[in-house]
Amino acid sequence: MMRANIRAGAGSAAAAFTLAAALLTMAAPAVRAHEASHHAPGAAAASGGKDAAPSARTSRNRYGANYFPNVELTTHLGTKVRLYDDLLKGKSVAINVMFTDCKDVCPLETAMLGEVQKILGERVGKDIFFYSLSIDPERDTPQVLKAYAEKFGAGPGWLFLTGKMEDIKLVTQKLGLLRAREAETRDGHSAVLVVGDEPSGQWTRKHALDNPRFLAAMLGTFFGWRDEQPQPSYAQARPMEYQNGQYLFQSRCSACHSVGQGQGDKVGPDLRDVTTRRERAWLTRYIQFPDRVLAARDPIATALFEKFRVRMPNLELSRDEVAAVISYLESRSSDLRVQANKRPLPAR
Ligand code: HEC
């Protein structure tokens with residue numbers, strides 16, 4: 001119910017020209033139009049954008065202390081922080097909304113951010129801060145968020161935040177994180193990452209389910225990080241054909257699952273040999289409707305959930321897509337078996 005409230009509230013609060021509005025005017029094309037990453041909505045554009053001297057930019061920055069409510073939030077570590085003073089002021093940030101009980105794509109979003117964090121390494125917590133704001137703050141106590149953050153391997157520089165419902169509502173409105181219809185997920189939050197540099201007042205939005213390598217490279221471009229390793233181009237980052245099982249696996253599953261190669265379990269179980277471990281009918285149904293299978297108290301799904309404590313999301317795959325991803329898992333597992341057999345036997 002709470003989430004329904006947030007949505008209704010967001011709908012009626014479209015009054016003033018806010019950062020939210022500024023971000024939304026560019027949202028339709030920009031959420032997917034990656035070239036737009038330099039676009040600076042609102043203030044930054046008006047003040048001369050990237051080329052203006054920092055002091056000039058700062059003084060004319062509309063998205064500063066007067067814009068952001070300095071509400072008190074609590075981190076997953078139990079620390080009280082102020083939105084503007086502690087989280088935004090003087091920092092580069094990437095912010096999304098989530099809630100731990102999500103049965104939809106938000107765990108994928110969190111897992112993708114986890115991959116971006118790995119790629120950016122030490123920059124996170126130094127050059128950029130990640131904030132994941134719970135829109136279900138009553139359920140998502142600091143303790144619940146802490147367990148979730150650990151599950152997704154959130155390191156220092158990535159805070160999960162909770163607070164008073166009304167404050168969260170205000171913050172998400174100001175950030176334009178609730179009204180992006182085109183990117184809205186079934187439970188009413190948007191799979192969007194709002195990215196900003198508070199000192200220069202430059203803000204933009206990215207689709208949070210983009211390829212993590214590509215997202216990381218875009219952040220580097222947006223913030224003008226110089227000493228970057230040359231990043232593979234977008235074309236290289238996606239060599240696989242659309243719709244094929246490998247592509248689906250890489251884009252929708254690999255943030256949470258590995259297939260062999262000694263990586264062990266990530267957020268979810270390693271899927272090597274899952275096609276022999278489970279019956280085909282079960283596997284097909286589970287990959288397509290994990291939420292329903294779990295809700296029906298299927299014993300395997302229940303045991304897995306008890307072990308992993310993160311819900312396998314319903315990714316809305318079609319039957320064909322499920323079949324494609326299963327045949328990818330099958331061929332990958334059999335390749336690994338062949339490789340294992342080819343390994344030279346140890347000398348006696
Ligand atoms: C956000 C993380 C996440 C994503 C994304 C995800 N999964 Fe999962 N998956 C899990 C978790 C966690 C489990 C363990 C069950 C649970 O906790 O609900 C699981 C369980 C499974 C299982 C059962 C494994 C077994 O041992 O029987 C299969 C099969 C599976 N996932 C396939 C997929 C496929 C295919 C995709 C992509 C289309 C995918 N998953 C995407 C997290 C994820």
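**Exercise 1. The S6–S7 pair**

Work out in which sense strand S6 (residues 192–197) and S7 pair, and over how many bridges.

*Solution.* Begin with the ground rules. You're looking at a predicted model, where local features need pLDDT of at least 70 and side-chain atom pairs count only at pLDDT 80 or more, while totals for chains, interfaces and linings use all residues. Residue numbers start from 1 along each chain as its sequence is written.

Step 1: S6 and S7 pair in the antiparallel sense, with 6 bridges (strands pair if DSSP finds at least two bridges between them; strands are DSSP runs of E, at least two residues, and helices are runs of H or I, at least four, numbered from the N terminus).

**Exercise 2. The whole sheet**

Find the order of the 7 strands in the open sheet, then see how S1 pairs with S2.

*Solution.* Step 1: The order reads S2-S1-S5-S4-S3-S6-S7, and the pairing is mixed.

Step 2: Strand S2 (80–82) and strand S7 (202–207) are the edge strands, each pairing on one side only.

Step 3: From one strand to the next, the twist averages 30° (axes are lines fitted to C-alpha atoms, for helices over the stretch in contact, and angles run from 0 to 180 degrees between N-to-C directions).

Step 4: S1 and S2 pair in the antiparallel sense over 3 bridges. They form a hairpin with 4 residues between them, and glycine 78 in the turn has a positive phi of about 85°.

Step 5: On to S5: S1 and S5 run antiparallel too, joined by 3 bridges. Leucine 73 has valine 81 as its bridge partner in S2 and stands opposite glycine 163 in S5.

**Exercise 3. Two packed helices**

At what angle do helix H12 (residues 245–253) and helix H17 (residues 319–342) pack, and which residues meet?

*Solution.* Step 1: The angle is about 95°, and the axes are 8 Å apart.

Step 1: H12 and H17 are therefore roughly perpendicular to each other (under 35 degrees counts as roughly parallel, over 145 as roughly antiparallel, 65 to 115 as roughly perpendicular and the rest as oblique).

Step 2: Gly245, Gln246, Leu248, Phe249 and Cys253 in H12 meet Glu321, Ala324, Val325, Ser327 and Tyr328 in H17 (contact means C-beta atoms, placed from the backbone, within 7 Å).

**Exercise 4. Around the ligand**

Which residues come nearest to the ligand, and where does the ligand lie?

*Solution.* Step 1: Of the 28 residues around the ligand, Pro107, Cys253, Cys256, Gly268 and Met312 come nearest (a residue is near if its C-beta atom, placed from the backbone, lies within 6 Å).

Step 1: H7, H12, helix H14 (280–288) and helix H16 (299–308) are the elements that give two or more residues to this shell.

Step 2: Domain 1 (2–235) and domain 2 (245–340) both give residues to the shell, so the ligand lies between them (the bounds come from an automatic or database domain assignment).
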